[in-house]
Amino acid sequence: MSQLPLFDPQKIAVSQVDHHLPAVPLHAFTAEALQARFTRPPVWQPELVRERKFLERAPAQAAVLLALVMRDEPTVLLTQRTAHMSTHSGQIAFAGGKCDPEDLNVTATALREAQEEVGLDARHVQVLGTLPEYITGSAFFVTPVVAMVSPQMNLQSNPDEVADTFEVPLAFLMNPAHHRWHRFEHEGVNREWLSMPYQDGPHLRFIWGATAGMLRNFYRFMSA
């Protein structure tokens, strides 16, 4: 049972915006630079590791695909979950999900889930590596698998799981001037999270929670 009341995260006041932190330079987003960073990773620490628990359920291992679509200006592929999902319904997320016993490793999980959710064929994906595990308040132990994806991909979303797919410029997400902190108090417990809202034409893509947290860790990795 959830320990949090229903609330609209977009209506929670912004407590801080990280204008003081530098953006990752554009030259870091080339295929060569990304491959070099994962081949020779810097010394760094993830900033966000564990959310406060808000759901009583058995822990589950999971993986997501942090897919970098290698356009002239690289983007990140994201999905909006359908409204009827049992956890995190309607939220913006990476393609991904729980690890199956048949999966060889977390990379296999991420690739399988991306194929099942958005029809992303593994032949269009070049895996770079993984980021540290992120533990959600709903007890998912999530490993982000970072990969470069060909813009020639053909996507076909699974309507049972995905309401929409879209892309956000990587440069936007790797600029902390777009990272907003929120604080929410319930029954004396303070919770804090990030949001990275992106205006996508007529759509406001409100990226927050675990997805924003993993993107923040990717920023720390890229800027170290």
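The questions and answers that follow concern a predicted model.

Residues are numbered from 1 along each chain as its sequence is written. In this predicted model local features need pLDDT of at least 70 and side-chain atom pairs pLDDT 80 or more, whereas totals for chains, interfaces and linings use all residues, and side-chain values use heavy atoms, without hydrogens and water.

Q: At what angle do helix α1 and helix α4 pack?
A: Helix α1 covers residues 31-39 and helix α4 residues 209-223, helices being DSSP runs of H or I with at least four residues. Their axes, lines fitted to C-alpha atoms over the stretch in contact, lie 11 Å apart. α1 is therefore roughly perpendicular to α4 (65 to 115 degrees), and the angle is about 90 degrees.

Q: Is E192 buried, partly exposed or exposed?
A: E192 is found in strand β11, residues 189-195, a strand being a DSSP run of E with at least two residues. Its relative accessible area is 43%, where buried means under 20% and exposed over 50%, with a 1.4 Å probe and protein chains only. E192 is therefore partly exposed.

Q: Which residue's side chain does a polar contact of 2.7 Å join to that of E192?
A: Not counting residues up to four places away in sequence, E192 touches W181, H182 and R183. A polar contact is a pair of N or O atoms within 3.5 Å, one able to donate a hydrogen and the other to accept it. The partner at 2.7 Å is R183.

Conventions. Axes are lines fitted to C-alpha atoms, for helices over the stretch in contact, and angles run from 0 to 180 degrees between N-to-C directions. Angles under 35 degrees count as roughly parallel, over 145 as roughly antiparallel, 65 to 115 as roughly perpendicular and the rest as oblique. Contact means heavy atoms within 4.5 Å.
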